[in-house]
Structures are given as structure tokens and as C-alpha cells.
Amino acid sequence: MSLEEKIISTFKQKNSKLAEVFNQAFELFEQKGFPTKKNEDWKYTSLKKLLKTDYSLVTEINNNIEAKDVEPFFIGADTYKVVLVDGFYNADLSHVDTDKITISSMQDAIENNAELVEKHFAKVADNNQEMVALNTISFNDGVFVNIPNNVILDKPIEVINIATGVLGDTLIQPRNLIVVGKNADAKLIERHQNISENTILTNSVTEISVGENAYYYHYKIQNDTEVSNLVDNTFVDQNRYSNAYVDTFAFGGNVTRNNLSFLLNGENAVANLDGISLLNKNQHVDNFTFVDHRVPNCDSNELYKGIYDDKSKGVFTGKVMIRKDAQNTKGDQQNNNILLSENAQINAKPQMEIYADDVKAAHGCTIGQLDDDALFFMRQRCIPLKEAKAMLMYAFASEALKNVKVEELKTQINKQIAQKLGVNIEFGV
Amino acid sequence: MAKNEEDKLINDVTNKEYEHGFVTDIESDTFPKGLDENVIRGISAKKEEPEWMLEWRLDAFKVWQTMEEPDWAHVKYKKPNFQDISYYSAPKQKPELESLDEVDPELLDTFKRLGISLDEQKRMSGVAVAVDVVMDSVSVKTTFQDTLAKKGIIFMSISDAIKEHPEMVKKYLGTVVPVKDNFYSALNSAVFTDGSFCYIPKGVNCPMELSTYFRINEEGTGQFERTLLIADEGARVSYLEGCTAPQRDENQLHAAVVELIAMDEADIKYSTVQNWYPGDKNGLGGVFNFVTKRAVAEKNAKISWTQVETGSAVTWKYPSTILKGDGAVGEFYSIAVTNNYQQADTGTKMIHLGNNTKSTIISKGISAGHSENSYRGLVSISPNAKNARNFSQCDSLLMGNTCGAHTFPYIEARNPTSHIEHEATTSKISEDQIFYCNQRGIDTEKAVALIVNGFGKEVLNKLPMEFAVEAQKLLEISLEGSVG
């Protein structure tokens with residue numbers, strides 16, 4: 001039985017107010033199945049090879065994970081800690097000692113926070129996308145975060161997704177909902193970690209609603225093992241005067257696809273997307289971003305840096321849509337790439353669809369190499385080639401770290417970059 | 001700009017009528033509507049083609065029948081009914097014209113109205129342009145053939161070339177744009193009725209601009225022409241192409257194929273001023289312009305495409321260059337203006353295969369009215385193309401908030417020594433710029449003209465002299481009211 005059939009056959013009608021959403025998503029997935037390369041949005045990323053694996057579906061909670069298994073993956077700072085094990089919220093490993101905000105499992109929220117969930121669930125996540133529909137019909141659990149109005153969160157939230165692989169090769173599908181109230185300010189760090197040797201395919205959906213005048217920072221650390229694959233679907237709904245930041249740092253993993261959508265629904269909102277992809281071996285990372293300017297006076301800033309070595313493959317799609325009413329929009333997009341090896345490749349598609357006239361929209365895309373003169377200069381000063389290259393690469397990529405506002409996280413990212421580049425340098429900007 | 005002035009300008013722009021919309025009352029020989037093997041045999045028989053050509057067409061027809069019409073472009077239109085088109089229409093004329101005097105006076109009058117005076121050009125020498133005139137996809141007159149022949153240049157209609165130089169046509173036809181390349185290239189291969197053929201021998205610098213003028217005249221017809229241009233080693237040529245059509249309520253289909261071959265060190269400059277009937281201000285009628293243009297550049301060869309696109313209801317056109325040889329250079333300069341309900345999806349492909357290949361893409365889109373204007377392009381660097389270099393710039397100018405401007409660039413790099421830069425911007429004419437002009441006594445209308453001209457300058461400058469004037473005039477007509 002193929003994975004598609006397996007999922008379709010296990011789909012159960014749910015008796016809740018959300019039943020309609022589930023049924024629609026089911027119909028879509030039943031009809032379309034997994035996306036193929038024929039789908040223009042998936043032109044450069046094929047799931048075919050991944051889907052050859054016979055994945056198990058997780059059905060029950062695994063309680064055999066201990067705090068020491070999870071500990072190494074936190075950033076080592078004072079944070080609110082959330083642990084999801086195989087897509088299930090684990091209350092024992094999570095530490096959220098505050099009553100200012102609500103953090104709970106998604107299942108719990110569907111029952112106890114029904115009003116809020118109904119208001120936001122599947123509202124911005126596009127169930128016309130196959131992978132989102134798939135998650136909608138077959139997710140088990142996830143994390144629900146509610147930051148009430150006017151709460152300035154004192155420390156960041158860390159969400160660690162642990163894949164145990166106890167069932168062998170596994171498909172994991174967390175479903176998260178984050179609601180940030182008016183005038184609130186919060187930061188969240190998300191990480192996926194496979195602690196087994198088995199192949200993992202994670203298909204995650206996160207919906208984020210950022211309230212009026214709120215600030216929200218979301219950092220994605222993708223530094224998983226070589227047998228881990230991730231399809232991340234994140235949708236950000238922005239209200240008036242809100243500022244949202246999503247940073248994606250892709251260093252590890254096998255095949256990673258980041259579907260990141262920003263829906264600007266309130267005037268004067270600002271969307272910020274940053275990303276660094278640092279790949280080698282056979283890694284494949286596809287950053288598929290979509291910024292939808294629906295109302296006037298919004299800004300969007302996008303900066304993605306990519307460095308590709310060995311046989312790695314990078315994909316960048318930056319779609320900026322400026323609708324008819326979205327006058328006075330400023331849309332800026334930059335995508336810079338460095339190819340280091342003859343077998344590495346990059347496919348970039350910076351697109352703009354513009355229907356309003358009073359706008360300033362620009363995109364730039366470059367593909368190039370390290371500057372030979374700069375390398376020579378450094379080598380003259382006794383810096384070995386490898387280190388010199390690493391320093392240049394860090395200098396190139398670090399611009400995308402500008403919105404990392406958590407010191408410990410920045411330190412950790414710098415360490416991960418140094419590790420990935422195989423040098424022992426303490427980077428810092 | 002004051003709001004009412006702006007509205008007036010936009011109003012003027014959108015209400016401008018098409019000026020080449022007349023119909024020439026000329027007797028023509030037209031096939032009944034419909035498409036099947038017999039029609040293809042009919043076309044081939046009419047053209048007195050050799051057997052191999054007929055077979056080539058029939059093979060293409062078979063391929064076409066298995067293909068589906070593409071729908072990935074950012075355009076919406078009612079798909080043409082391919083059985084409701086007449087595939088052959090030729091002005092009836094006396095065979096074997098000896099001189100221009102024998103050309104149908106109606107026909108000459110048509111071309112005079114279009115601004116191409118065949119007589120005058122005949123008399124002028126030195127700076128003249130050799131013209132091949134194609135009406136309803138049949139070549140009616142090629143000028144200056146004798147002068148060119150002295151240099152060994154072959155410039156004639158492709159029907160004549162099939163008869164007179166079959167070995168060359170056979171060798172190159174369909175090599176750059178294969179029959180099964182896409183839906184419309186397959187259709188064209190099956191039913192093309194005429195077009196131009198040009199061969200520039202080794203080391204020859206073509207002494208004059210070569211030009212083809214295309215005109216759709218007959219109702220209910222489609223125009224399918226085929227251009228094949230071969231520049232042998234070290235040859236140089238500049239080629240121009242212009243097109244117009246009468247004003248009609250129906251959508252006429254124009255599906256052309258252009259193949260350029262630039263051998264080692266050759267240099268081809270191919271310029272197009274496309275002014276097919278764009279439909280009326282409500283989007284009724286107009287020509288569907290679905291064109292496949294492609295060039296192959298061998299070692300150190302250079303291909304330069306320049307296009308000014310102002311006409312057609314729907315345009316679907318991507319003049320491309322395959323940079324096959326080491327050191328080949330590809331250039332693409334384009335201005336696309338859309339107004340009313342026009343839709344354009346145009347751009348280029350630069351396929352870098354050779355080492356040290358370079359390409360430049362400059363695309364300027366201007367949208368007004370309810371139109372949609374898209375740039376779609378591909379820059380591909382193959383793993384073997386060392387030190388490839390590309391620079392792309394796509395700028396769009398929006399006039400009014402009912403139109404759309406889009407960019408869909410695709411960049412595929414497989415080689416670590418390549419340098420690729422892509423930039424795109426979208427904006428409207430800024431009030432500051434208008435104000436600056438106003439301060440200096442330039443009225444708003446003139447100021448807009450100035451700014452639009454400046455916006456398109458990079459591309460207009462690339463056009464050959466003879467065409468630059470026409471192109472500027474065309475821009476003015478397309479956006480009249482806002483252009484001086």
C-alpha cells in the first residue's frame with residue numbers, strides 16, 4: 001500500500017465544528033495526492049524518491065524519551081521549553097512556568113480553547129496545497145501558543161520536535177497554531193531533531209496570527225541528520241501595524257522544503273523573511289516563499305543567502321504578489337548564492353505579480369563565487385585557505401542574521417556555521 | 001500629477017485607436033476553413049513543393065495532433081478553434097513579376113499606407129533596406145535581390161528557397177526549433193505557407209538591412225510564416241521584421257517560427273517591431289501572437305534580439321539564444337507595451353552551453369489600461385559552461401491601477417564559475433519627476449513622454465536607425481495622450 005493510500009484509508013470523519021475543514025482537505029488530497037514535478041510550485045523539488053520509503057504512521061504517544069535525550073538540542077538559555085515527540089506534545093518534558101501565556105497541546109486546545117482554535121485553525125493555511133491538506137487530514141497533535149494582548153514575553157519559547165524513529169521509518173505531522181495578541185511581543189525558536197538512524201519525513205504546518213501592533217519573531221533551526229526530511233509549511237497572518245520576522249537557517253537534513261507564506265491583511269504591517277542555506281553532500285533545500293500584499297501601506301523585506309558545495313542543490317522561489325488595492329507597497333527581495341562545487345546547483349525563481357501602480361517593488365538575484373582577491377589578501381596574511389574561505393562565506397551569509405535577537409541563539413548559529421564549514425573559528429557579528 | 005490630469009491622460013491613452021486597421025480590397029485565393037492532411041497536401045501542392053517537404057509537414061502534423069495547447073503562460077484567452085481557420089490565403093497576382101510596376105497597385109498602396117514605399121527604396125541606394133513583403137503568409141515581393149546576389153547573399157521567400165536551394169533548407173530547417181518543440185511550432189511546421197530565407201556566405205558583411213514586412217489581410221485566416229536565417233562563418237547581418245493587421249472583431253492567429261543560425265564568429269542582429277492589431281478598447285478582436293523564435297550561436301558568434309512589442313491581443317513569445325560555442329554572446333533587448341485588454345507574456349531564454357559565454361537581458365514593460373504584461377525568462381548555465389556571465393534587468397512601469405506587471409524569471413546555475421545577476425523593479429512615473437519637468441516649463445503630457453522615452457532608451461538605442469524612428473512613433477501611438 002502506498003503512503004497516499006495508507007493515509008486515505010486511515011482518515012476518520014471527525015465530529016467537530018472543524019469537520020468541514022477536514023472533509024474539504026480530504027477531498028483535495030484524495031484527488032491530487034502528493035505534489036509532483038509537474039506542479040509548477042514543485043518544479044525543482046521531487047518527493048518521488050522520498051515517497052519510495054514505507055513510512056509508518058504514528059498513532060500513539062511515546063513516553064520513553066527522557067530529558068537528557070532532549071537537553072543537547074536547546075540553545076542553553078533561559079527559555080520556555082516545549083517538546084514534541086513524534087508530533088505529540090509532551091507535557092513532562094516541556095517547561096512552561098508562567099500563567100501569562102497559554103502553551104498547550106493542539107488536541108487540548110481544540111477541546112479547551114475551542115473558540116480561539118475555530119477562529120484561526122486552517123484560516124491562513126492553504127488547504128489547496130497538497131502537503132497542507134495532507135497535514136490537515138492526518139495530524140495527531142502539535143503545539144498551541146496563545147500570547148494574550150499586551151504581553152511582552154520575558155524570554156523566548158523553544159519548540160523542539162523530536163523524532164524517535166521507534167516505529168522505523170516514520171512520517172510525522174505536527175500541527176501548530178500560534179496566536180499573538182494586540183501589542184504583544186514574542187520570540188519562538190523551532191527545531192526538528194531526529195534521534196534515530198531511521199528515515200524521517202516531517203510534514204509540519206504552523207499557522208501564526210500576529211495581532212495589531214504586535215512583534216513576533218520566529219527562528220527555524222534546520223540542522224537535522226542526513227536521513228531526515230522536512231516539509232515545513234508556515235503561514236503568517238498579519239494585522240495592522242504588526243511586525244513579523246521569520247528566519248530560516250538550513251544547515252542539515254536531507255531534503256528540506258520550506259513553504260513560507262506571509263499574508264498581509266492589515267495596513268502598515270511589515271513582513272521580514274531571512275534565510276541562510278549552507279549545504280553540502282547531497283542535501284537539497286527549497287525555500288519557497290510567498291508574500292501576499294492584500295492591503296495598502298505594507299512593507300516586505302526578504303533576504304536569502306545560499307552557499308552550495310559538493311552535490312547539493314538549492315532552490316529559491318520568491319513570489320511577491322501586490323494586489324490591486326495594495327497601493328503604496330514597498331516590496332524588497334534579495335537572493336544571493338555562491339556555488340562552490342562543479343556538481344552543486346541552484347535554481348532561483350524570484351517572481352513578482354503586481355496589480356497596483358503606486359508601489360516600489362524590486363528583486364535582485366545573484367549567483368557567484370568567493371572573491372579571489374580577498375582570498376589572496378587573507379592568505380598573504382597567513383590565514384590558511386580553508387579558514388579564509390570560511391571567513392568569506394560567513395561574511396557573505398551573516399547579513400541574514402540581522403534579525404536574530406536572541407544572543408544565545410546567535411552564538412549557537414555561529415557555532416553551527418563554523419561546524420558546517422569545518423573550521424574552528426568563533427564567528428560573531 | 002493632478003488627479004484629473006492623470007485621469008485624462010489615462011483616458012486618452014486607453015481610447016487611442018489602431019491606425020493600421022484598414023483592410024485592403026485585394027483579390028485573394030483562400031482555402032476553406034479546417035485542418036486535415038488534405039489541407040497540408042493542398043498547401044504543399046500550391047507551393048509546388050518537393051516530396052520531402054510534404055513528408056516533413058505531414059510528420060509535423062502527426063506530432064501536433066498528439067500535443068496539447070500550453071496553458072502555463074500568465075494570459076487568459078479563448079483557445080482558438082483550429083478547424084475554424086483558413087490555412088492558406090494568398091493575394092491573387094500575375095505570376096512572375098518583372099518589376100514593381102507590375103505589382104497590384106492596391107498592394108503598393110497598402111504598403112505606402114504602412115509607411116513602406118517599395119518604389120522609393122528601389123531608387124535609393126547605399127542606405128536602402130531590402131524588403132521581403134509577406135501578406136497573409138505569402139511572400140509578395142522581395143526587393144534588392146540582384147544587389148544582394150552579387151555578394152553571394154541569398155534573400156528570398158522560403159517557398160522559393162525550398163525549390164531553389166533545397167539542400168540548404170533541408171539541412172537547417174527545424175534544427176533550431178525542432179518540430180516537437182512546442183504546440184505552435186509543430187502546427188507551424190505542418191502548415192507554414194511562406195516566410196523568408198536568408199543566407200549570408202562566409203565572411204560577408206551584408207551591405208544593407210534585410211527586412212520582412214508581415215501583413216495579415218484576409219478574414220478568417222491564420223498566419224503561419226517561417227523564417228530561416230543562416231549566417232556563415234564570420235558573416236554579419238542586421239535583420240528587421242515588422243507586422244500589422246486589419247481591425248477585426250475576431251481573434252486571428254499568428255503562429256510563426258523563426259530560426260537563426262550564427263556559425264563561428266558570425267553576428268546576427270534581429271529586430272522586430274510587432275504591431276499586430278491589438279483588439280479594440282473593450283478587448284474585442286485582435287491577433288493572437290504565439291511565436292517561437294530561437295537562435296544558435298556557435299564559437300564567438302553573437303546574436304542580438306531587439307523587440308518592440310506594441311500590438312497583439314495576446315502575445316506569447318520568447319526569442320531565445322542557445323550559446324553553444326565557446327565565447328558566444330547573446331543579447332536581448334525588449335520593450336513591451338500593453339494597453340486596454342492586451343496581454344503579453346514575453347521574455348527570453350539564454351541557454352549557456354559553451355565556455356566564456358555571455359548574455360545580457362534588458363526588458364522594459366509598460367502596462368496601461370486593463371492590460372497584463374509579464375516578463376518570463378530563463379537563464380540556464382550548464383555544468384560545462386565555464387566562466388559564463390549573465391546580466392538581466394527587467395523593469396516595469398505601471399500606468400493606472402487596473403493593469404498588472406509581472407516578472408517570472410527562472411535562473412538555473414550548474415557551474416561554480418558562473419556569474420549571474422538579475423534585477424527587477426516595478427514602479428510608476430513618480431510625481432517628483434513630473435514636478436521637476438513642470439518646474440522647467442515642460443507640461444505634464446510632454447513630461448510623461450520624456451520619462452517613458454527615457455525608460456525605454458536602453459532598448460530603443462539598440463534598434464537600427466531605420467527602425468528606431470518607426471519604433472518611437474509606435475510607442476507614441478500606443479501610449480498617445482501620454483507621449484508627446
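Predicted model: local features only at pLDDT ≥ 70, side-chain atom pairs only at ≥ 80, totals over all residues.
Biologist: Which residues of H1(A) and H2(A) make the contact?

Modeller: Glu4(A), Ile7(A) and Ile8(A) come from H1(A), and Phe26(A), Phe29(A) and Glu30(A) come from H2(A). By class, four of the residues in this contact are nonpolar, none is polar and two are charged.

Biologist: And what is the angle between the axes of H1(A) and H2(A)?

Modeller: Roughly 155°, with the axes coming within 11 Å; H1(A) covers residues 3-10 and H2(A) covers residues 19-32. Angles over 145 degrees count as roughly antiparallel, so H1(A) is roughly antiparallel to H2(A).

Biologist: Now H7(A) and H8(A). At what angle do their axes cross?

Modeller: Helix H7, residues 372-380 of chain A, and helix H8, residues 385-397 of chain A, have axes that cross at roughly 130° and come within 9 Å. That angle makes H7(A) oblique to H8(A).

Biologist: Is the crossing of H7(A) and H8(A) right-handed or left-handed?

Modeller: Right-handed.

Biologist: Which residues meet there, in H7(A) and in H8(A)?

Modeller: On the H7(A) side, Ala374(A), Leu375(A), Met378(A) and Arg379(A). They meet Leu385(A), Ala388(A), Lys389(A), Met391(A) and Leu392(A) of H8(A). The contact of H7(A) with H8(A) has seven nonpolar residues, two charged ones and no polar ones.

Biologist: Change of topic. How many residues are in the largest nonpolar core?

Modeller: The count is 62, and the residues with the most contacts inside that core are Ile200(B), Leu210(B) and Leu260(B). A second, separate core has 36 residues, including Tyr80(A), Leu153(A), Ile157(A) and Leu188(A).

Biologist: What percentage of chain B counts as buried?

Modeller: 64% of its 484 residues. The secondary structure of chain B comes to 12 helices and 24 strands. Of the chain B contacts with a separation of 6 or more, 84% are between residues 24 or more positions apart.

Biologist: Back to chain A. Where does Lys330(A) lie?

Modeller: In strand S19 of chain A, residues 329-339.

Biologist: What is Lys330(A) in contact with, leaving aside neighbours within four places in sequence?

Modeller: His293(A), Cys298(A), Asp299(A), Ser300(A) and Lys360(A). Separately, the C-alpha atoms of Lys330(A) and Ala361(A) are 5.7 Å apart, although 31 residues separate the two along the chain.

Notes: Residues numbered from 1 in each chain as written. Chains lettered and ligands numbered in written order. Heavy atoms only, no water. Axes fitted to C-alpha atoms, helices over the stretch in contact; angles between N-to-C directions. Helix = DSSP H or I, 4+ residues; strand = E, 2+ residues; numbered from the N terminus. Parallel < 35°, antiparallel > 145°, perpendicular 65-115°, else oblique. Left-handed = near helix turned anticlockwise from the far one by under 90°. Contact = heavy atoms within 4.5 Å. Nonpolar A, V, L, I, M, F, W, Y, C, P; charged D, E, K, R; others polar. Core = buried A, V, L, I, M, F, W, Y, C linked by side-chain atoms within 4.5 Å. Buried < 20%, exposed > 50% of the residue type's maximum accessible area, 1.4 Å probe, protein only.
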